[in-house]
Amino acid sequence: MSTDGLIVVDKPGGMTSHDVVARIRRLARTRRVGHGGTLDPMATGVLVIGVGRATRLLTYVIGAGKSYTATIRLGQATVTDDAEGDVIATTPAGGITDEAVRGALAALTGEIDQVPSAVSAIKINGERAYKRVREGESVELPARRVTVSRLDVLAVRRDTPDVVDVDVDVTCSSGTYIRAIARDAGLALGVGGHLTALRRTAVGGFRLAEAATLDELEQRAPEVVNLPLEAAADRYFPRRDATPEEAKVLSHGGPLAPVGITGPYAVFGPDGGLIAIVSERDGRARAEIVLAPA
């Protein structure tokens, strides 16, 4: 049995996030495995996996900011807004200037209302949007407020007639669809657009430099966790160290006196073990999740 903790995986293309979870379950020899934020099959890069009790930390990982490198192709629109879908419209884009490209992308930065791709994992009446689209339904999702804090244009390439390929580096809030940025830039320029490559380079503080490939994890199975539970919590949250009495109260779900730490924070016992993730409200420090072993 693998220890409880997180694994930063470099997901290969062609696999779903659930495929990666299934592989880790086999390698770690436990069913208690989950992921912290879906990556499309086409996409590669950082996928944070939780094992054992650390699966309960994933709710915080899912809400973290993300960074990506991507390639947007202008001149073609697809049904999925990425290269996995059929091309549904083609408009020559060769005449679009670099300045126009940069301007269209600049308009998609900051706080924006973004309509997610219809082929997404968002649920409509309990069913994934992508499933409805694949069954032939027309799906319209409401816009949601997202933040694109950085969108750098790395290169504008004209290697193929009538299309323009734009390499970008993006940092954004959770829930932002890079496919939708490609689609919306193409719409603004009147030529259509879709994503041809996507690589997630960071989730919160977890970066590609520390990610392991599935082949590397296979080599060291079942010891696949590279960030044990305590180390993961200490790195991801502010830290509070509890007295023996506080540890006893908190491990049974009781509240502690506040200490003025903003946001959720991790509370550790005198032995260094993680007890709970806590937030302060109404003059008390209360556990959001208790992680001390029963």
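Helices (H or I, at least four residues) and strands (E, at least two) are DSSP runs, numbered from the N terminus.

Housekeeping: I'm working on a predicted model, where local features need pLDDT of at least 70, side-chain atom pairs count only at pLDDT 80 or more, and totals for chains, interfaces and linings use all residues. Residues are numbered from 1 along each chain as its sequence is written, and side-chain values use heavy atoms, with hydrogens and water left out.

**Entry 1: strand S4**

I started with S4, residues 66-74, and looked up its partners. With S12 (residues 193-203) I find an antiparallel pairing over nine bridges, and there Thr71 sits opposite Ala197. With S11 (residues 164-172) the pairing is antiparallel too, over nine bridges. Lys66 has Cys172 as its bridge partner in S11. I then checked burial (buried is under 20% relative accessible area, exposed over 50%, partly exposed in between; 1.4 Å probe, protein chains only). Eight of the nine S4 residues come out buried.

**Entry 2: the cores**

Which residues touch the most other members of the largest one? In this core of 30 residues they are Ile72, Leu105, Val166, Val168, Ile178 and Ile181. S4, helix H3 (98-106), strand S10 (144-157), S11, helix H5 (178-189) and S12 each put in at least two residues. Domain 1 (5-64 + 204-230) and domain 2 (66-201) each give this core at least three residues; the bounds come from an automatic or database domain assignment.

I zoomed in on Val168 and listed its contacts (heavy atoms within 4.5 Å). Leaving out residues up to four places away in sequence, Val168 touches Tyr68, Thr69, Ala70, Ile72, Leu105, Leu151, Asp152, Val153 and Leu154.

Where does Asp162 sit? I located Asp162 in the loop between S10 and S11, with a positive phi of about 70 degrees despite not being a glycine. Its relative accessible area is 46%, so I filed Asp162 as partly exposed.

Arg29 also isn't glycine, and has a positive phi near 60 degrees. I placed Arg29 in the loop between helix H1 (17-28) and strand S2 (33-35). Arg29 counts as exposed because its relative accessibility is 57%.

Pro222 belongs to the loop between helix H6 (214-220) and strand S14 (227-228).

Definitions and conventions:
Two strands pair if DSSP finds at least two bridges between them. A nonpolar core is a set of buried Ala, Val, Leu, Ile, Met, Phe, Trp, Tyr and Cys residues joined through side-chain atoms within 4.5 Å.
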